[in-house]
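User: I would like to learn how to read the backbone, the sheets and the chain contact in a model such as this one. Could you take me through them one at a time?

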There are 2 protein chains.
Amino acid sequence: MEEEFASRVALTSHSGLNAIYPSQDPEMISFTGGFPDASLFPSAQLAASFQKAMQNQQAPLQYQVGEESQELRSLIANLLAADGTKTMAKQIMMTQGAQQGLDLVAKLLINKGDGLIVEGPTYIGALAAFDAYEPTYYTADMADDGMDLTAVKRILIQHQVKLIYTIPDFQNPTGVVMSVEKRRQLIALANKYDVVILEDAPYRWLRYEGSAQPSLKSLDTQGRVIQLGSFSKILAPALRLGWLTASTEMFGRLQELKAGTDLESSNLMIQTVTEYLGSYSLQDHLQQLRHNYRRKRDMMVAALQTYLPREACFTVPQGGFFSWLTMPKGFDLENVQNTQLKPNFHVMVIPSTHLFPGKGRRNGARISFSSVSATQIDLGIKRLGNGLSSSYQKKYI
Amino acid sequence: MEEEFASRVALTSHSGLNAIYPSQDPEMISFTGGFPDASLFPSAQLAASFQKAMQNQQAPLQYQVGEESQELRSLIANLLAADGTKTMAKQIMMTQGAQQGLDLVAKLLINKGDGLIVEGPTYIGALAAFDAYEPTYYTADMADDGMDLTAVKRILIQHQVKLIYTIPDFQNPTGVVMSVEKRRQLIALANKYDVVILEDAPYRWLRYEGSAQPSLKSLDTQGRVIQLGSFSKILAPALRLGWLTASTEMFGRLQELKAGTDLESSNLMIQTVTEYLGSYSLQDHLQQLRHNYRRKRDMMVAALQTYLPREACFTVPQGGFFSWLTMPKGFDLENVQNTQLKPNFHVMVIPSTHLFPGKGRRNGARISFSSVSATQIDLGIKRLGNGLSSSYQKKYI
């Protein structure tokens with residue numbers, strides 16, 4: 001048969017999302033995946049929490065009929081309140097990781113061709129979600145203190161924009177934190193030009209130094225910020241539990257879209273996490289995560305300083321999972337990775353190509369330190385440095 | 001702020017999906033939900049399977065990196081093969097219940113305005129999923145042996161149609177089985193007019209009498225049938241695990257859409273069900289389900305025969321969860337439910353209004369017997385009969 005797919009498939013079939021998946025090469029050291037360190041999962045506690053949930057009178061195996069997730073949503077509201085973001089349990093929706101929040105928000109707002117501002121570079125999975133709604137992308141480049149707001153303002157003046165997507169804390173893929181001044185300015189711009197802001201915050205509670213900036217949601221006075229959170233990075237990805245919080249009018253519509261998409265998230269996982277949060281200290285667990293990831297971050301930064309050629313720049317993230325590598329203009333990291341880094345140096349990063357909507361920028365790469373062991377970090381970055389040096393010299397000297 | 005939602009929201013905000021949710025009235029007997037009987041969940045076995053999955057060396061808490069679901073997909077391929085449907089593990093994708101399959105297939109095929117044929121009446125959640133892609137709906141009415149294929153043919157001749165959606169086994173909401181002749185004719189029509197068929201089969205293995213008809217997928221020779229299945233009705237809904245099987249070209253595209261939508265289904269739930277199927281007999285469990293649901297079906301049919309007024313018609317389903325009630329034309333079941341059945345008789349069904357895309361048919365209703373106790377079935381149908389009789393007499397006599 002000759003299938004005729006919907007026009008959105010022309011975009012979604014070139015997301016590059018599979019670049020995250022590991023290589024079959026046993027020698028490979030991969031800095032590609034934004035995976036948490038599996039040795040830090042609270043496995044025993046989650047297993048015990050599951051058993052408790054299953055022993056409860058109300059069987060958690062059935063469809064939900066209404067308020068089953070109420071307790072978890074209240075606990076999340078408390079966590080958000082402690083972080084300075086006021087919301088209510090009834091304005092929190094459970095999602096399949098934060099990823100589903102990206103899909104639902106684009107589904108809510110984006111007609112084909114509608115303007116959507118993203119950071120350049122941005123999270124590859126966000127582009128994969130948004131692509132399905134065929135937006136017109138506008139890119140605001142990342143600076144050391146967050147997205148370029150002069151560019152945002154120019155875009156807002158020149159074009160119809162429905163949505164601004166940002167990861168203000170330990171941005172994926174740059175590791176950058178948006179300054180508090182820029183947060184305030186971004187809210188003011190959104191108010192002035194009547195745009196919704198989608199604040200994606202999966203790494204927010206993984207800060208290794210310095211103090212937290214207020215969330216965009218906490219600065220919002222007009223109900224135009226939708227915030228996404230997730231248990232994927234702080235408990236475990238396979239729970240497939242994230243959350244979304246939005247103002248009342250958008251929230252109701254998002255619930256309807258969620259119902260059509262997959263009816264509901266798993267009550268089994270909802271009750272398991274409810275039991276976990278009731279029985280154990282999430283704060284203690286977060287402390288342990290921060291301690292371990294800070295160590296890896298320090299090793300990564302030390303290795304980058306030691307091994308990278310002087311033409312390379314990189315970010316030093318205060319939290320999260322990523323550092324961002326920039327090579328001089330004209331250096332094609334995707335090409336170098338395919339012809340040199342992978343086959344000859346057995347090391348992988350995520351080249352910048354697919355992290356910009358236009359796929360035109362090729363001299364950057366995301367380096368993830370979260371799931372690589374200490375020994376591997378040093379060895380892998382040494383290989384990366386050698387591979388970059390030899391590729392750079394071949395081309396430029 | 002003044003939100004401007006995407007145009008799809010005009011449809012998705014009127015799905016009527018919340019009609020399924022139970023009433024707060026403690027006296028209410030509700031035949032609305034298509035819920036399985038919670039007393040039949042294999043809770044202890046699933047809890048044991050979860051523990052086994054958690055003890056495996058490979059932590060099932062991490063993101064999947066590739067072949068984690070291979071074993072479950074092979075087991076599903078075997079179950080399908082035993083049912084006469086040949087497929088391969090690599091053409092089976094795990095989804096969030098069958099519901100996500102509905103969303104993904106519409107996402108794959110439907111541009112705004114594209115033709116989509118549905119059965120009239122059809123599954124309310126399918127309309128909720130499809131609405132988000134703004135199809136042009138065409139309705140083929142249900143007959144005793146499945147959808148009206150004369151109507152399907154006429155629609156295919158007169159309009160551009162991309163997709164035909166059908167539940168051939170124990171249809172939701174009518175309980176009807178499509179005859180084998182109609183199955184063959186439907187495949188022939190789809191071949192001739194180059195249309196994809198979406199076969200939704202969540203109740204297929206819950207047959208209480210008679211013999212199984214071949215699945216549409218088993219009759220497909222051109223790779224144009226996408227089949228959906230689910231563990232929701234046969235194990236437990238809160239697993240949120242269903243599956244989709246499609247031909248190679250469509251399958252790859254559907255995987256990309258799934259990744260953008262929620263990255264992946266829970267590996268924790270995937271490994272739990274893998275352990276369950278390896279340790280226990282699904283066939284024995286299905287036998288037990290069939291035995292129990294057959295009993296409820298019999299009670300429901302006996303009660304309908306005893307209590308309904310003679311103006312009412314109803315279907316006698318050979319499997320699944322539903323019987324379909326039809327009152328004479330002009331009888332408005334939604335109105336009667338709101339003004340009589342609910343407040344005065346404390347009984348609820350799902351009126352036909354939202355089960356047709358045009359929402360214009362009002363003299364039918366879905367009656368679900370799956371999650372109501374034996375005593376409640378008799379008492380509830382008695383109330384329903386009394387309510388219908390008194391409403392009918394008031395209006396027509």
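This is a predicted model: local features need pLDDT of at least 70, side-chain atom pairs count only at pLDDT 80 or more; totals for chains, interfaces and linings use all residues.

User: Is the peptide bond from Asn172(A) to Pro173(A) cis or trans?

Analyst: Most residues other than glycine have a negative phi, and most peptide bonds are trans. Here the bond from Asn172(A) to Pro173(A) is cis, with omega near 15 degrees. In chain B the bond from Asn172(B) to Pro173(B) is cis as well, with omega near 20 degrees, and Pro173(B) lies in the loop between strand 6 (161–166) and helix 7 (180–193) of that chain.

User: Is phi of Leu263(B) positive or negative?

Analyst: Phi of Leu263(B), a residue other than glycine, is positive, near 70 degrees, and Leu263(B) sits in the loop between helix 9 (248–262) and helix 10 (267–279) of chain B. His346(B), which is not a glycine either, has a positive phi of about 55 degrees; His346(B) belongs to the loop between helix 12 (333–345) and strand 12 (347–348) of chain B.

User: In what order do the four strands of the open sheet in chain B come?

Analyst: Pairing is the idea to start from: two strands pair if DSSP finds at least two bridges between them. In chain B the four strands form an open sheet in the order 10-11-14-13, with antiparallel pairing. Strand 10 (313–314) and strand 13 (350–351) of chain B stand at the edges, each with a single partner strand, so one side of each has no neighbour in the sheet. Strand 13 of chain B is joined by two bridges to strand 14 (residues 364–368) of chain B, running antiparallel, and Ile350(B) stands opposite Arg366(B) in strand 14 of chain B.

User: Which are the edge strands in chain A?

Analyst: Chain A has an open sheet of four strands in the order 10-11-14-13, with antiparallel pairing, and its edge strands are strand 10 (313–314) and strand 13 (350–351), each pairing on one side only. Two bridges join strand 10 of chain A to the antiparallel strand 11 (residues 322–326) of chain A, where Leu325(A) stands opposite Phe314(A).

User: How many residues does the contact take from chain A and from chain B?

Analyst: With contact meaning heavy atoms within 4.5 Å, 76 residues come from chain A and 76 residues from chain B. Of the interface residues of chain A, 100% are also interface residues in chain B, so the copies meet through the same surface. The area buried between chain A and chain B is about 6400 Å², of which carbon and sulfur atoms give 61%; buried area is the accessible area (1.4 Å probe) that two parts lose on being put together, summed over both.

User: How many salt bridges are there between chain A and chain B?

Analyst: A salt bridge is a side-chain nitrogen of Lys or Arg within 4 Å of a carboxyl oxygen of Asp or Glu. Between chain A and chain B the count is two salt bridges, and Asp103(B) forms a salt bridge with Lys107(A), with 2.7 Å between the closest N and O atoms. Over all chains, a search of the whole structure finds 36 salt bridges. Within chain A, the side chains of Glu209(A) and Arg297(A) meet in a salt bridge (3.1 Å, N to O), a pair that links distant parts of the chain, 88 residues apart, with Arg297(A) in helix 11 (residues 282–307) of chain A.

Key. Residues are numbered from 1 along each chain as its sequence is written. Chains are lettered from A and ligands numbered from 1 in the order in which they are written. Side-chain values use heavy atoms; hydrogens and water are left out.
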